[in-house]
Amino acid sequence: MATTKSNQASALVYSTEAGGRMCPDCGAPMAQCRCKELKARAPATDGIVRVSHETKGRKGKGVTVIKGLALDAAALAAVGKQLKTACGSGGTVKDGIIEIQGDHRELVIAALVKQGHTVKRAGG
């Protein structure tokens, strides 16, 4: 079903009574907004890091996917950089998931176990 302008909920953007601009996510004034603090916290996980290999949606190119690291965004980016360097490959960190180009599951599992994480090989 296509949404039209009349179907979409409107959000308050500015309020002279509340003190200026409003946060688009929580609706609170920007001075009292806590959205960034909540997003910066580490996501709740079961403590097991899962390493898998995926090709779906990548035109047949395989990537090693690391999920379940309970770290904040900065620490996750640092671990991603270390793993990419160890594998000698490119990759990305987005939405709490690390993707490394190519099939490097064994190397990634060894590196994460060395760092003290509980790691499981997921998928085939």
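**Exercise 1.** Is Thr92 buried, partly exposed or exposed in this predicted model?

*Solution.* Start with the location: Thr92 belongs to strand S5, residues 91-94. Next, take its relative accessible area, which is 30%. Now apply the cut-offs: buried means under 20%, and exposed means over 50%. The value lies in between, so Thr92 is partly exposed.

**Exercise 2.** Find which residues Thr92 touches, leaving out those up to four places away in sequence.

*Solution.* The contacts are Lys84, Ile97, Ile98 and Glu99. Then turn to Val65. Thr92 and Val65 are 27 residues apart in sequence. In space, their C-alpha atoms are 9.8 Å apart.

**Exercise 3.** Work out how strand S4 is paired, and why S4 is largely enclosed.

*Solution.* Take strand S3 (residues 48-54) first. Five bridges join S3 to S4, and the two run antiparallel. In this pairing, His53 has Thr64 of S4 as its bridge partner. Now take strand S6 (residues 97-101). Four bridges link S4 to S6, again antiparallel. Here Val65 stands opposite Glu99. Last, check burial in S4, residues 63-67. Four of its five residues are buried, so the rest of the structure largely encloses S4.

**Exercise 4.** Locate Lys59 and Asp95, then decide whether each is buried or exposed.

*Solution.* Lys59 sits in the loop between S3 and S4. Its phi is near 55°, a positive value in a residue other than glycine. With a relative accessible area of 83%, Lys59 is exposed. Asp95 lies in the loop between S5 and S6. Phi of Asp95 is also positive, near 55°. Its relative accessibility is 76%, so Asp95 counts as exposed.

Terms used. Residues are numbered from 1 along each chain as its sequence is written. This is a predicted model: local features need pLDDT of at least 70, side-chain atom pairs count only at pLDDT 80 or more; totals for chains, interfaces and linings use all residues. Side-chain values use heavy atoms; hydrogens and water are left out. Buried means under 20% relative accessible area, exposed over 50%, partly exposed in between (1.4 Å probe, protein chains only). Contact means heavy atoms within 4.5 Å. Two strands pair if DSSP finds at least two bridges between them.
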